[in-house]
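Here is a quick tour of one chain, worked through contact by contact. Keep the viewer open and follow along.

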Amino acid sequence: MPDGLAEAFVRVAHRIVWCTLVTVDRRGRPRSRVVHPIWERTPDGLRGRLFTRPTPLKLAHLAASPYVSCSYWDPRHEVAIAECRAEFADDEESRKDLWDLFASTPEPLGFDPKILGGEDHLDPKITVLRLTPWRLSAAGEAWRAA
């Protein structure tokens, strides 16, 4: 993944903050929802993570197809899109790490995770969804993994 493109994507995503995340149901129909990921560079590449409610519908969609689309748009028509493999990372360490990351990141990207309804990262009503992009686009550039 080209560094410049990843940086452009993260710049747009973190400025806009909220994105539309689309899953696909068992019949191939798209389902959209608005989510609040945070993106990080790791030794393995770019990674997005967010807290989400593990609803039966979302669990079924990701079990049928683990691929999602994340789309950011603003009124100035700045766009960033990540096509990703999504997987739940529900271990205590992943939960605590993301809880602390959101709590320590300045707003509007960061927030107090208690607004999700739980007192701490162990709340069973939320889980961590990890996003690993296989295709990125931002500012007219695109990259796709082989």
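His36 sits in the loop between β2 and β3 (38-42). This is a predicted model, so take the distances here as computed from its atoms. His36 is buried, at 10% relative accessibility. Setting aside residues up to four places away in sequence, His36 touches Val17, Trp18, Arg49, Leu50, Phe102, Pro108, Leu109 and Phe111.

Leu109 and His36 are 73 residues apart along the chain, yet their C-alpha atoms are separated by 8.0 Å. A polar atom of the His36 side chain also lies 2.7 Å from the backbone oxygen of Leu109.

## Arg49 and the other salt bridges

Arg49 and Asp97 form a salt bridge, with 2.8 Å between the closest N and O atoms. Arg49 belongs to strand β4 and Asp97 to helix α3 (residues 92-104), so this pair ties together parts that are 48 residues apart in sequence. What about exposure? Arg49 is buried at 4% relative accessibility, whereas Asp97 is partly exposed at 39%.

In total, the structure holds 13 salt bridges. Another of them pairs Arg130 with Glu87, where the closest N and O atoms are 3.5 Å apart. That one links distant parts of the chain, with Arg130 in strand β7 and Glu87 in strand β6, 43 residues apart. Both ends are partly exposed: Arg130 has a relative accessible area of 23%, and Glu87 has 33%.

Then there is a network: Arg11, Arg15, Asp74, Arg76 and Glu78 are joined by salt bridges that share partners. Within that group, the side chains of Asp74 and Arg76 meet at 3.7 Å, N to O. Asp74 counts as buried at 6% relative accessibility, while Arg76 is exposed at 61%.

## The nonpolar cores

Which residues touch the most other members of the largest nonpolar core? They are Phe9, Trp39, Val68, Cys70, Tyr72 and Leu131, out of 26 residues in that core. At least two core residues come from each of α1 (3-16), β1 (19-24), β4 (45-52), β5 (67-73), β6 (79-88) and β7 (127-138). The largest share, 7 residues, is supplied by α1.

Leaving out residues up to four places away in sequence, Phe9 touches Trp39, Leu46, Tyr72, Ala80, Ile81, Ala82, Leu136, Ser137 and Ala138. There is also a second, separate core of 11 residues, with Ala89, Phe111, Leu116 and Val128 among them.

How many disulfides does a search of the whole structure find? The count is 0. For Cys19, the nearest cysteine sulfur is that of Cys70, 4.4 Å away.

## A buried aspartate

Asp25 is in the loop between β1 and β2 (30-35). Buried or exposed, where does Asp25 fall? Asp25 is buried, because its relative accessible area of 14% is under the 20% cut-off. The side chain of Asp25 makes a polar contact of 2.8 Å with the side chain of Arg29.

Methods:
Residues numbered from 1 in each chain as written. Predicted model: local features only at pLDDT ≥ 70, side-chain atom pairs only at ≥ 80, totals over all residues. Heavy atoms only, no water. Core = buried A, V, L, I, M, F, W, Y, C linked by side-chain atoms within 4.5 Å. Buried < 20%, exposed > 50% of the residue type's maximum accessible area, 1.4 Å probe, protein only. Helix = DSSP H or I, 4+ residues; strand = E, 2+ residues; numbered from the N terminus. Contact = heavy atoms within 4.5 Å. Polar contact = N/O pair within 3.5 Å; in protein donor to acceptor, adjacent residues only side chain to side chain. Disulfide = S-S within 2.5 Å. Salt bridge = Lys/Arg side-chain N within 4 Å of Asp/Glu carboxyl O.
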